[in-house]
Amino acid sequence: MSSFLESINPIHGKFIENILPRAAKKHLKVGDLAPDFALPDGKGNMISLTDFRGKRVLLVFTRIYTDKIICPLCYPQLEGLKKEFADFQTLETEILVINTTSPSMTAEISSHGLYPFRLLSDEDW
């Protein structure tokens, strides 16, 4: 039987190894703490998952290339999150969208106010 990383697309495997190194080595279950990471947001602040310990967090992984070019598979997901953002706020759930663009492009995208949630940049995956 192949390992978890061998069973998925190599690009996604590289992503998992970079952003969630402990998750790549063990299977997480519902209720497990996600491994920590620190990534820059659209304002240049470093955001760490530990900043949200004890709170609900929805992690979304996507590809937003510019303010006008979005992965066609990711676009509906992001639009759905925008529409349901108030519901997540009511549930006191923070949405962190981890994007593949550079910190400068994430800042540019964030400056347009297209998304009510926080965009983080991880150009290494």
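**Close-up views of a predicted model**

**View 1. Helix α2 and its cover.** β3 (56-62), α3 (85-90) and β4 (93-99) are among the elements that cover the buried residues of α2, with contact meaning heavy atoms within 4.5 Å. This is a predicted model, in which local features need pLDDT of at least 70, side-chain atom pairs count only at pLDDT 80 or more, and totals for chains, interfaces and linings use all residues. Residues are numbered from 1 along each chain as its sequence is written, and side-chain values use heavy atoms, leaving out hydrogens and water.

View 2. Helix α2 spans residues 75-83, and its Leu78, Glu79 and Leu81 are buried (under 20% relative accessible area; exposed is over 50%, partly exposed in between, with a 1.4 Å probe and protein chains only). These three sit on the same side of α2 because they cover an arc of only 160° around the axis, taken from the directions from the helix axis to the C-beta atoms. Pro76 and Lys83 are exposed residues on the face turned away from the buried side. Helices here are DSSP runs (H or I, at least four residues), as are strands (E, at least two), numbered from the N terminus.

**View 3. A look at lysine 83.** Which helix holds lysine 83? Lysine 83 lies in α2, and it counts as exposed because its relative accessibility is 72%. Proline 116 is 33 residues away from lysine 83 in sequence, and their C-alpha atoms are 9.8 Å apart in space.
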